[in-house]
Amino acid sequence: MTAASKQHASTKESNYLTAGYGVRSWLLTVDHKRIALLYLISLTTFFSVGGLFAVLIRLELLTPQGDLFQSETYNKLFTMHGIFMVFFFLVPSIPAVLGNFFLPLMIGARDVAFPKLNLLSWYVYAAGGLVTLFAMFAGGVDTGWTFYAPYSSTYANSHVILAALGIFITGFSSILTGVNFIATTHRMRAPGLTWMRLPLFVWANYATSLIMVLGTPVIAVTILLVAIERLLHVGIFDPALGGDPILFQHLFWFYSHPAVYIMILPGMGVMSEIVACFTRKRIFGYKIVAMSSLAIAILGFLVWGHHMFVSGQSMYAGFVFSLLSMLVAVPSAIKVFNWTATMYRGSITFATPMLYALGFIGLFTIGGLTGIFLAAMALDIHVHDTYFVVAHFHYVMVGGMVMAYLGGLHFYWPKMFGRMYHEGLAKVAAVMIFIGFNLTFFPQFLLGYLGMPRRYHVYDEDFQVLNVLSTAGASVLGLGFALPICYLIFSLKFGKKVGDNPWDAAGLEWTISSPPYEHNFHEIPEVTEEAYDYGKREAARV
Amino acid sequence: MFEDFTLFPEAASTVAGGIDRLYFFLIGMTTFAVAGILSALILFSIRYRRRPDRAAQQIDGSVPLEIIWSAIPLALWVFIFGWSAKLYLEIHTTPSEGMTYFVTGKQWMWKIQHPTGQREINTMHVPRGEVVILKLVSEDVIHDFFVPAFRIKQDVLPGTQYTTIWFEATKVGTYDLFCAEYCGTKHSEMIGSVVVMDPADYQAWLDGQPAGQDPVDAGRVLFENLRCVTCHDAGSGQRGPDLSGRFGRPTSLSDGRTVLFDESYVRESILEPKRRLSAGYQPLMPTYTGQVTDTQINQLIAYVKSLANSDVAPKGGDADGGNGQ
């Protein structure tokens with residue numbers, strides 16, 4: 001990385017933040033870094049809206065009676081919570097923010113392969129988001145984020161079409177991002193940056209992009225079919241019109257199970273970057289960690305039927321889906337073991353990103369292993385559609401994905417803005433989120449096995465104690481999420497300025513200025529080393 | 001709030017114990033794995049925290065370790081798959097003999113019909129120690145019949161097909177019945193209870209109910225009144241198949257396939273007769289959609305089922321059982 005020294009010299013040069021001012025310079029930008037920030041702002045907005053719905057849901061569930069909202073309202077709250085969190089936060093989150101910003105930097109490129117498509121993807125995302133927000137203000141939708149037919153296609157009296165249209169539109173932004181990342185990774189790597197030298201974050205986003213491109217069209221088709229049945233009364237899913245409701249579930253989960261891996265894989269990529277940096281080591285078993293991302297992407301397409309063990313699907317199909325679901329857990333387990341093994345004989349420090357990484361390993365392990373409970377057909381009969389499932393996917397999505405997202409945001413923040421946040425407050429927030437999360441969702445495993453069904457506005461009094469615990473946890477969790485929003489914004493103006501590489505991390509993204517120049521690299525670097533080359537740094541330190 | 005607090009649901013069916021054992025095994029596995037990972041994280045965090053005099057040791061990886069920590073979980077999970085699949089097979093395989101109840105779900109209530117014709121809403125009385133087979137169907141959206149104490153759950157679909165689930169209750173008591181598939185506004189109020197009674201008490205309870213019409217008798221009357229008898233009677237000229245001795249046996253279809261002549265097939269043949277036509281017959285039968293209620297379909301099924309063991313064709317004319325009223 002000989003170019004690094006030259007680039008240090010020109011620190012007076014304008015960076016991507018100062019390269020242009022005014023609304024136009026942002027809304028018409030084709031700079032991948034600025035587009036990442038556009039995504040960051042819109043994603044944070046939708047996360048806050050989804051979070052607010054979660055708070056209202058937990059408040060209602062403090063008591064067994066339906067005393068805060070009417071059933072119609074409660075059903076809309078959990079539906080809109082799911083829609084905003086899944087389609088407008090979790091699916092785009094890491095790829096659209098950290099991926100857009102860092103994938104080109106990590107591979108030594110000046111931008112993504114198709115910068116204008118990249119901007120278009122944000123506009124498409126924003127349009128989908130606005131349509132869904134409009135659906136919310138027009139009165140909301142009450143089908144659950146899963147839109148099961150024939151309820152969604154015939155019976156629901158809420159704004160199904162509008163909300164579905166929002167999701168349909170935003171799906172195209174996923175596809176555009178996926179196409180962009182695949183082309184960028186294939187065509188724009190710096191000289192010498194072979195596939196086996198790629199940072200694992202790039203591998204993870206590459207695998208994610210494959211799923212986005214292959215899976216998203218299926219949900220678009222599915223939504224379109226619901227709309228056709230609802231508007232034109234063509235029998236597709238509703239048996240009263242000659243349709244088949246199980247067909248909807250096959251189509252829906254054919255996308256929506258792989259979508260779970262769209263949500264978690266990029267988080268696993270962030271994990272590898274953080275763990276390597278804060279243990280000062282190359283990731284243990286680099287190759288197998290990289291390949292396990294691809295294995296997850298492929299196997300992830302073959303397990304959708306495990307959502308349908310009690311739907312009336314054939315028992316033999318159930319056997320196949322159950323066995324394949326056991327297999328898809330193996331690459332995830334491999335990753336957990338390798339991150340843990342990376343810590344062995346490391347030189348570990350515990351800055352905020354590493355706290356999130358440690359939290360991720362613990363919570364994702366619980367999330368993953370409770371997935372085995374659900375893949376085991378006989379047990380799934382009992383816990384299917386109960387709070388056990390709710391707890392399981394929140395352990396993966398919030399305990400895994402959101403922890404990784406926050407860890408990544410804290411890790412890359414100084415690079416993105418050239419300033420550091422308040423480390424003490426950041427640690428307090430990380431601990432609050434960890435404790436609040438467990439208090440919110442662990443009781444829900446117990447509620448699930450006790451038999452409390454999900455999406456219940458009114459519930460049996462026997463379930464109240466655990467629900468009160470869960471709501472108490474949610475208030476800690478909510479405060480924990482509010483803190484970073486405050487101190488990160490505060491740091492933009494008042495944070496301590498940092499150098500180009502505050503963590504002394506390996507990787508091309510740390511060789512350029514913080515914040516990066518408009519076109520990232522003056523000279524395209526030549527890569528001569530493996531990823532995570534911490535050996536030399538350690539030798540120099542001791 | 002605390003008086004009913006519990007962490008574990010009551011177990012009141014023959015399959016509950018098997019599912020609980022699998023659950024506890026998986027809790028053991030999870031606890032062991034999480035404890036192992038956490039110990040390693042804590043141990044490494046302390047032992048290998050940064051010191052000024054010690055550099056991190058660069059390790060590329062270890063093929064034997066990768067094999068070990070892939071193979072052990074894989075073997076364990078395939079074992080769990082086998083265990084749960086075997087259990088699932090037991091739960092999924094409906095016993096051939098049992099009391100058949102018809103359960104119809106609709107927004108937002110459960111309608112239950114006893115084998116002897118009595119009807120209930122949202123409450124279901126069953127005898128202890130008897131196999132109870134439920135034929136489930138929905139009038140509108142998808143519902144789900146869930147009794148946590150029995151560890152059973154089955155989606156209830158709209159359309160021509162029944163889904164089936166069975167249980168054998170082991171303990172007298174009253175157990176929650178929940179709809180577990182989101183079905184609209186009052187989903188959380190689509191609840192009820194299953195009341196398990198000693199067989200003698202159950203009989204007494206049945207006797208205390210308004211005398212339900214015997215479903216077989218009612219079905220025989222319907223068979224006559226709806227003019228099913230004109231085609232499906234042995235002496236009718238045979239435009240449709242004679243239905244005696246057919247129920248519960250495989251039957252050949254006109255497209256060469258074979259299906260089981262069961263409740264779902266009878267229901268489908270009444271509602272959509274052309275979908276799966278019996279071999280050797282023309283598609284002459286009209287649909288009865290909209291002309292028969294779910295209760296009447298259940299009665300027709302009961303009657304057709306009663307012909308299962310008779311080789312004698314049903315006679316037309318007045319049903320000699322009469323109706324129970």
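**Notebook: burial, salt bridges and a nonpolar patch**

I began with B:Glu268, which I list as buried because its relative accessible area is 2%, under the 20% cut-off. Salt bridges that share partners were my next search, and they join A:Arg280, A:Asp504, A:Arg537, A:Glu538 and A:Arg541 into one network. I keep in mind throughout that this is a predicted model.

Returning to B:Glu268, I looked up its partner and found that its side chain meets that of B:Arg276 in a salt bridge, with 2.8 Å from N to O.

I then turned to another pair in chain B, where B:Lys135 forms a salt bridge with B:Glu263 and the closest N and O atoms are 3.3 Å apart. This pair links distant parts of the chain, since B:Lys135 lies in strand β5 (residues 131-138) and B:Glu263 in helix α6 (residues 263-271), 128 residues apart. I checked the burial of both partners, and B:Lys135 is buried, as is B:Glu263.

In chain A I looked at A:Lys33, which forms a salt bridge with A:Asp31, the closest N and O atoms being 3.1 Å apart. Here too I noted that A:Lys33 and A:Asp31 are both buried. Over all chains, I have 25 salt bridges in the structure.

Next I asked which residues make the nonpolar surface patch of about 440 Å². The patch is made by A:Val23, A:Leu27, A:Leu28, A:Leu120 and A:Tyr123. Looking up the elements behind it, I found that α2 (23-27) and α6 (115-137) of chain A each supply at least two residues of the patch.

For 542 residues a compact globule would have a radius of gyration near 24 Å, and the 23 Å of chain A agrees with that. Along the principal axes, the C-alpha atoms of chain A fill a box of roughly 70 × 45 × 45 Å. I also recorded that buried residues make up 66% of the 542 residues in chain A, and that its accessible surface comes to about 17100 Å², with 71% belonging to carbon and sulfur atoms. Among contacts in chain A between residues at least 6 apart in sequence, I find that 83% join residues at least 24 apart.

Definitions and conventions: Residues are numbered from 1 along each chain as its sequence is written. Chains are lettered from A and ligands numbered from 1 in the order in which they are written. This is a predicted model: local features need pLDDT of at least 70, side-chain atom pairs count only at pLDDT 80 or more; totals for chains, interfaces and linings use all residues. Side-chain values use heavy atoms; hydrogens and water are left out. Patches are made of residues with over 30% relative accessible area and no salt bridge: like charges are joined within 9 Å, nonpolar side chains (Val, Leu, Ile, Met, Phe, Trp, Tyr) within 5 Å. Accessible areas come from the Shrake-Rupley method with a 1.4 Å probe; for residues, only the protein chains shown count as cover. A salt bridge is a side-chain nitrogen of Lys or Arg within 4 Å of a carboxyl oxygen of Asp or Glu. Helices (H or I, at least four residues) and strands (E, at least two) are DSSP runs, numbered from the N terminus. The radius of gyration is taken over C-alpha atoms; the globule rule is 2.2 Å times the number of residues to the power 0.38. Buried means under 20% relative accessible area, exposed over 50%, partly exposed in between (1.4 Å probe, protein chains only). Contact means heavy atoms within 4.5 Å.
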